[in-house]
Amino acid sequence: MTEIPSLRRFLTVGYNKKQIDSDLVFLLEDVASACRVIANHIRNGAFEGKLGATDDTNVQGETQKELDVIANEEFVRICAHSPRLAALVSEEVDEVIWSKDEVEAGDYMLYFDPLDGSSNLDVNLSVGSIFAIMQVPEGSAGQASRDVLRKGLDQVCAGYAMYGPSTMLVLTTGQSVDGFTCQHGTGDFRLTHPAMTIPEETAEFAINASRYGFWDAPVQRYFDECIAGKDGPRGKAFNMRWTASMVADVHRILTRGGVFLYPADAANREAGGKLRLMYEANPMAMLVENAGGAASTGFERILDLKPTGHHQRVPVILGSKAEVERLIGYHQTAAAPA
Ligand code: AHM
Ligand code: MG
């Protein structure tokens with residue numbers, strides 16, 4: 001019987017045809033450990049009375065769930081001492097956490113949303129953790145080495161853990177996108193979904209349709225054409241899915257295709273959109289692009305955006321290439337002078 005490689009074996013013996021720096025392997029193993037521990041907290045949350053909300057709000061002004069706080073603490077506890085980790089940027093923490101006094105070129109910076117989709121916790125639906133890793137660039141010194149506001153194109157790794165019927169870790173270190181399932185009993189993450197790819201065409205979309213009245217014309221047009229079905233301008237029936245958990249929606253798209261939209265709209269435009277650039281949109285954009293898909297704000301490639309703040313929000317459209325390109329076309333048409 002062929003052995004299913006473990007995460008460590010995959011990272012160290014070049015399954016993805018790339019030699020990975022050993023300090024990055026240590027960091028990824030720490031991230032995997034944090035996700036394994038978070039999965040256990042979620043599984044036992046009901047016994048430990050941890051599924052509810054706290055009295056606190058995070059920097060985003062959102063009420064924190066107890067498990068949001070716990071997941072953040074576990075990420076920091078387990079990853080902060082990784083050999084070359086210099087900085088942690090968390091959705092749940094206002095300021096950047098610096099874990100090294102002297103920051104050096106080549107050190108890693110970890111951006112993460114410790115528990116995404118936590119509104120799904122009390123109804124026992126899928127939630128996840130999302131992360132991205134960048135490196136302090138060569139030649140940067142002093143304050144410049146502490147610049148966490150880097151483009152998504154600088155990410156050396158991106159991934160997520162999904163806490164669903166099984167716990168999975170999906171990651172890319174720049175080439176393939178590979179999925180690992182946490183084996184019950186051993187706790188090992190093992191390569192069950194190698195080289196995940198997104199088909200270029202799809203007939204499935206994901207959007208929170210209750211916001212229809214807030215959307216801009218290009219998004220309304222896209223939605224209207226999809227739900228018009230076979231007799232509409234698209235000439236085919238579309239299916240719709242929305243889990244309110246970005247990890248679960250993106251995981252479905254990486255598995256069978258589709259397009260995901262959380263656009264800027266009349267109700268969230270002032271904030272920049274809903275989803276955060278550095279630890280939600282960027283890592284998902286890298287995964288989706290490396291799987292053959294595309295990721296855009298409707299006007300710009302997400303990975304090209306120069307961040308202005310580490311909790312910045314952006315509009316997000318990602319998934320099967322043909323649909324993302326169609327949506328970009330609709331935005332450009334609507335923006336063109338009459
Ligand atoms: P969170 O980081 O506060 O959990 O918010 C992000 C989540 C995404 O997982 C999901 O796509 C979106 O918010 C759902 O938003 P809505 O409740 O508007 O459908
Ligand atoms: Mg989130």
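A polar contact here is a pair of N or O atoms within 3.5 Å; within protein, one must be able to donate a hydrogen and the other to accept it, and residues adjacent in sequence count only if both atoms are side-chain atoms. With that in hand, a polar side-chain atom of Glu91 sits 3.2 Å from an oxygen atom of ligand 1.

A quick word on the ground rules. This is a predicted model, where local features need pLDDT of at least 70 and side-chain atom pairs count only at pLDDT 80 or more, while totals for chains, interfaces and linings use all residues. Residues are numbered from 1 along each chain as its sequence is written, chains are lettered from A and ligands numbered from 1 in the order in which they are written, and side-chain values use heavy atoms, with hydrogens and water left out.

## Around ligand 1

| Residue | Atom on the residue | Distance to an oxygen atom of ligand 1 |
|---|---|---|
| Glu91 | polar side-chain atom | 3.2 Å |
| Met246 | backbone N or O atom | 2.7 Å |
| Glu280 | polar side-chain atom | 3.0 Å |

The protein covers 85% of the 470 Å² of accessible area that ligand 1 has on its own. That area comes from the Shrake-Rupley method with a 1.4 Å probe; for residues, only the protein chains shown count as cover.

In total, 17 residues surround ligand 1, and the closest are Asp116, Gly117, Asn208, Met246 and Tyr262. A residue makes that list if one of its heavy atoms lies within 4 Å of the ligand. By type, the shell has six nonpolar, four polar and seven charged residues.

Where does the shell come from? Strands (E, at least two residues) and helices (H or I, at least four) are DSSP runs, numbered from the N terminus. Domain 1 (7-193) and domain 2 (204-335) each give the shell at least three residues, with the bounds taken from an automatic or database domain assignment.

## The magnesium ion

Ligand 2 is a magnesium ion, and its donors are Asp113 (OD), Asp116 (OD) and Glu280 (OE), at 1.8 to 2.0 Å. Along the chain these donor residues follow the spacing D-x2-D-x163-E. Asp116 belongs to strand β5 (residues 108-116) and Glu280 to helix α6 (residues 277-290), so the pair ties together parts that are 164 residues apart in sequence. Donors are N, O and S atoms within 2.8 Å of the metal (3.2 Å for Na, K and Ca); water is not among the atoms, so sites may look incomplete.

Met246 takes us to α5 (246-256). Nine of the 11 residues of α5 are buried, so the helix is largely enclosed by the rest of the structure. Among the buried ones are Met246, Asp249, His251 and Arg252.

The loop leading from β12 (239-240) to α5 holds Ala244, which has a positive phi of about 60° although it is not a glycine. Ala244 counts as partly exposed, at 38% relative accessibility. Just after α5, Gly257 takes a positive phi of about 90°.

Asn124 also has a positive phi, near 60°, and is not a glycine either. Asn124 lies in the loop between β5 and β6 (127-135) and counts as exposed at 69% relative accessibility.

## A buried threonine

What does the side chain of Thr172 contact? One partner is the side chain of Asn290, in a polar contact of 3.0 Å. Another is the backbone nitrogen of Gly174, reached at 3.1 Å. Thr172 sits in strand β8 (residues 167-172) and is buried, with a relative accessible area of 0%.

Methods
Ala, Val, Leu, Ile, Met, Phe, Trp, Tyr, Cys and Pro count as nonpolar, Asp, Glu, Lys and Arg as charged, and the others, Gly among them, as polar. Buried means under 20% relative accessible area, exposed over 50%, partly exposed in between (1.4 Å probe, protein chains only).
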